[in-house]
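Here's a friendly walk through one structure, from ring pairs to a surface patch. Have a look at it first, then read on.

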Amino acid sequence: MRSSSKISNAINSLHSDKNAIELSINFIIVVSFSLLILILGIYLFTQVLNQGKIIEGEISEQVKGEIESLLQDPGEFAVFSRAVKEVEPGKSAQFNLGIKADTKRCGVGAGKEATFVIRPSIDGIQDSSRGVRFPTNDERAQISLWHKPQKEVILTNLDKEVFPIVILAGDGAESGNTYIFDVEVLCNGQRYDKESHLVFLNVE
């Protein structure tokens with residue numbers, strides 16, 4: 001009797017261990033699946049959140065080199081590496097602006113610091129039916145949300161820096177239109193150079 005009881009207990013113990021192992025495996029599977037769903041949800045959420053945002057990207061060494069080469073010209077004080085970009089509605093394009101600081105042009109002596117302000121604004125809209133036209137007040141208000149209002153930096157005389165200007169083809173952007181922006185560069189509150197710095201956003 002004792003022997004059969006021991007055998008029965010052993011069998012019951014094996015069944016209990018097996019059930020415990022199955023529960024553990026099921027628990028691990030459920031937790032792993034839940035984590036996978038959570039990670040996927042976070043990824044999709046960040047993708048949606050970032051869509052339509054004005055996000056500045058890295059500027060490659062090649063682009064910096066191209067801009068620095070252009071700024072070697074004694075008559076150039078602010079230049080873009082590329083002034084025309086193509087973009088889909090809801091996407092953004094980055095224009096890279098290089099500035100060579102000549103603080104004497106800002107009303108301060110050589111070797112001094114000056115405050116530079118980079119301020120983009122919509123200048124015109126080109127469409128296939130009406131050619132180039134000025135935007136309406138409502139369009140100006142809407143398009144002003146496509147980019148940051150301005151960027152402010154402090155530079156010392158002879159500094160050369162490259163700054164990203166990100167423009168989003170946001171609400172109201174129409175495929176086939178080209179949006180023309182004037183990027184104004186101010187130094188200590190006055191226009192830094194006489195030339196207009198235009199960039200063109202082609203919406204595909």
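## Aromatic rings

Rings of Phe, Tyr and Trp (its six-membered ring) pair if their centres lie within 6.5 Å; planes under 30 degrees apart count as stacked, over 60 as edge-to-face and the rest as tilted. With that in hand, Phe77, Phe116 and Tyr192 make up one aromatic cluster. This is a predicted model, in which local features need pLDDT of at least 70, side-chain atom pairs count only at pLDDT 80 or more, and totals for chains, interfaces and linings use all residues. Residues are numbered from 1 along each chain as its sequence is written, and side-chain values use heavy atoms, with hydrogens and water left out.

The count of aromatic pairs comes to four. One of them is Phe80 with Phe95, an edge-to-face pair at 6.5 Å centre to centre and 85° between the planes. Phe80 lies in strand S1 (residues 78–80) and Phe95 in strand S3, so this pair ties together parts that are 15 residues apart in sequence. (Helices are DSSP runs of H or I with at least four residues, strands are runs of E with at least two, and both are numbered from the N terminus.) Both Phe80 and Phe95 are buried; buried means under 20% relative accessible area, exposed over 50%, and partly exposed in between, using a 1.4 Å probe and protein chains only.

Trp146 and Tyr179 are edge-to-face too, with 5.0 Å centre to centre and 70° between the planes. This pair links distant parts of the chain: Trp146 is in the loop between helix H3 (137–143) and strand S6 (151–156), while Tyr179 is in strand S8, 33 residues apart. Both Trp146 and Tyr179 are buried.

## The disulfide

How many disulfides are there? The count is one, where a disulfide is a pair of cysteine sulfur atoms within 2.5 Å. Cys106 and Cys187 form the bond, with their sulfur atoms 1.7 Å apart. Cys106 sits in the loop between strand S3 (92–100) and strand S4 (113–127), and Cys187 in strand S8 (residues 178–187), so to speak 81 residues apart.

The torsion about the S-S bond of Cys106 and Cys187 is about 105°, so the disulfide is right-handed. Cys106 counts as buried at 5% relative accessibility, and Cys187 is buried at 0%.

## A strand with two faces

Strand S2 (residues 84–87) has Lys85 and Val87 on a covered face, and Val84 and Glu86 on an uncovered one. Within strand S10, Leu201 is the bridge partner of Lys85.

Note on methods: Pairing = 2+ DSSP bridges.
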